[in-house]
Amino acid sequence: MSRRSIGEPIPRVDAPAKVAGQARYAAEFAPRGVAHAVIVQSSIAHGRLAHIDLGYAAEEPGVLGILTFTNAPRLPYREHRASPDPECGERLHVLQDAMVHFFGQPVALVIAETREQAEHAAQRLRIQCSVLPAELDVSFERGVTPGSCRGACSEFSSDTSRGDADAAFESSAARTEHVYSIARQNHHPLEPHATVASWDDDRLTLWTKSQFVGGERDEIAAIFGLPPDNVHVISPFVGGAFGSALRTWPHVTLAAMAAHVVRRPVSIILDRRQMSALTGSRPESRQRVALGASREGRLAAIVHEAVHETSRYEEYVEDMIDVSTYLYACPNVRTRYRIAPRDVSTPTHMRAPGEASGVFALECAMDELAVEVGIDPIELRLRNEPERDESSGLPFSSRSIRECYAAGAERFGWARRDPQPRSMREGELLIGFGVASSTYPAFFSTNARARVRLRSDGSVEVEVASSDMGPGTSTSIAQVAAEIVGVGVDRVQVRLGDSRLPPAPSHGGSQTLASVGTAVKAACDAACAEIRKLGGEGRSFPDVLRRLDRASIEATGSSDANQPSKEFSRHAFGAVFAEVAVDSELCEVRVRRAVGAYAAGRIVNPRLARSQCIGGMVGGIGMALMEETILDERDGRIVTGTLAEYLVPVNLDVRDLDVIFVAERDPHVNPLGVKGVGEIALVGMAPAIANAVFHATGRRLRRLPIRLDQLL
Ligand code: MOS
């Protein structure tokens, strides 16, 4: 029996449940007797709590308890770091002392019978604090080298160099050197962050929005001093997260703490404003990029320096500058990376962390260089195609960026572009075409396990603890299982999002299908081998099982035994094209259409992969033109904390988005040959739009989001 499933545009297997409202999200779990808690937040960026006056809050109807640093249980907060956590620094110990580290920090928790009662009582608290000077600036001057936890003489270096980039830059015939800035951005998934906690003696169950149930289990176990097996984390459906649900944030701890104190299950649902302060953000950043080239556009020097915010208590880092070491051929490259500690909550991974910001700076700089040397931006990039990854010296496992440029340019109609800025008009509209490269590492985790059960009725069950925050993981791994076992996808049932299932890596970094899919493949291969052993070649598994009178067999698999070769540099690549129309008087920018051409290895499900890429491109529109978490420079207050103030693309902002998958067979990248399409789609979009805005208007804007007041 053999059927094609991999490569088929199968609709989401969980679509009916989602559409019918049967898929349950974290906030919808309501164990018997559940109480509701509301977080009260600080209104200063830095200081010390002096006194919290409960006033009459405790006597308000329905109030079950109020926790502050004075009466909250002291928690062990044992050492533990999950992979998404910063390596240096210490996570916020919530309600454990009087210090305030950022605006919006939880300083009290009100627990009541209903959420409304808790909210009402929360407004009655009077909080007095002594204010300390707050540092809220992000500048190159203030940047420090990350790695404080490793000591001054550590091996860790965020500065890399090959050749002599500064000298090569100085002697280059063509040069461009500029600073590029990106505002802080928040993830703002549709589903709010929420946790429902319930204790049974010393065993804790958490229904929570999570991209990493295993990480949350271990972290909460460490915080409360429990054996990890005593913590059960359940997160069957996630309504978007974009990185905001990779870490364990304070509200998860607070829900568990509150449930312990009031001896009832407790639910905490964050509102939009709270999500802005309490679930991480893409850090505000500045980057300086200097490119030196010959008059023919051959790169001689790349200098890429970056600084971005972190909190004072943790060093959040991301790979913002790495891209400059491998995207182009260049003998002289120097990178420098710094973080600026600030009185804010710790930033986190968000939508292609690192590359999204770094590629914006590099790809805008490449566009500036193209203008400088008078060479078409695509041609400039093709002239600088490397033979191999020049940072490691390794060959790329595959790199089809030329094909991406060719296919994308053709579909987009790049040939119609008049290179002269401000030359393409339609009435009052200035039209601009922009292009940028995209790239993202093809990550692979060896920590994925999967269990598969073949049943005599012909059905297949796959179990793995991975989350599915929306890309369609349950569907794509059902396809992998269906193809290997030889059944239709409708016969496969996938169970995800439960820490008691076989462990999976965090559902992030575009690594899930490569890693979890490989474990599922290994489990299915093992099950099929077992069936052959039991029943000989050529017999279907239901047949074999029925003959043996067995209801089912089970097998497990792991990604560990299938590590990709270390002999290759593994990345996905793409080319993104955008057309903008800028009103010549009002300066309003519209993305009229965009084409993303991606080479991401094997595409397991073109329908879902396309949907992923459209989503990433929409995120790129937001990053380029709208999204901006603004802090009040006086006190760190988040000014744009709700979706009334924090702009995201809506239907009218999203016009014609087209996705091309360039065929790519990569036998080296991992056993499935997939590179992941989560993040790659977003990466090139913002620079393509910024470059299109320059082409339309002749104005080079080097700060995101590009706002019309900057264009006026
Ligand atoms: Mo993604 S930022 O790795 O969830």
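**Note on a sheet and its salt bridges**

1. R247 and E314 form a salt bridge in which the closest N and O atoms are 2.8 Å apart; the term is used here for a side-chain nitrogen of Lys or Arg within 4 Å of a carboxyl oxygen of Asp or Glu. Because R247 lies in the loop between β12 (231-234) and α5 (250-262) while E314 belongs to strand β16 (residues 314-315), the pair ties together parts that are 67 residues apart in sequence. Helices (H or I, at least four residues) and strands (E, at least two) are DSSP runs, numbered from the N terminus.

2. A word on the basis of these values: this is a predicted model, in which local features need pLDDT of at least 70 and side-chain atom pairs count only at pLDDT 80 or more, whereas totals for chains, interfaces and linings use all residues. Residues are numbered from 1 along each chain as its sequence is written, and side-chain values use heavy atoms, with hydrogens and water left out.

3. Are the two partners of the R247 pair buried or exposed? R247 counts as buried at 7% relative accessibility, and E314 is buried as well, with a relative accessible area of 4%; buried means under 20% relative accessible area, exposed over 50%, and partly exposed in between (1.4 Å probe, protein chains only).

4. A second pair joins E284 to R342, with the closest N and O atoms 3.3 Å apart. This pair links distant parts of the chain, since E284 sits in the loop between α6 (272-278) and β14 and R342 in strand β17 (residues 332-342), 58 residues apart. Both E284 and R342 are buried.

5. R217 forms a salt bridge with D218, where the closest N and O atoms are 2.9 Å apart, and D218 is partly exposed, with a relative accessible area of 25%. A search of the whole structure finds 56 salt bridges, and a network of them links R451, R453, R455, E461, E463, R495 and E554.

6. Six strands form an open sheet of mixed pairing, in the order β8-β17-β15-β14-β9-β27, where two strands pair if DSSP finds at least two bridges between them. The edge strands, each pairing on one side only, are β8 (160-162) and β27 (703-704). Within the sheet, β9 (residues 174-182) and β14 (residues 285-293) pair in the antiparallel sense over nine bridges, and E177 stands opposite A290 in β14.
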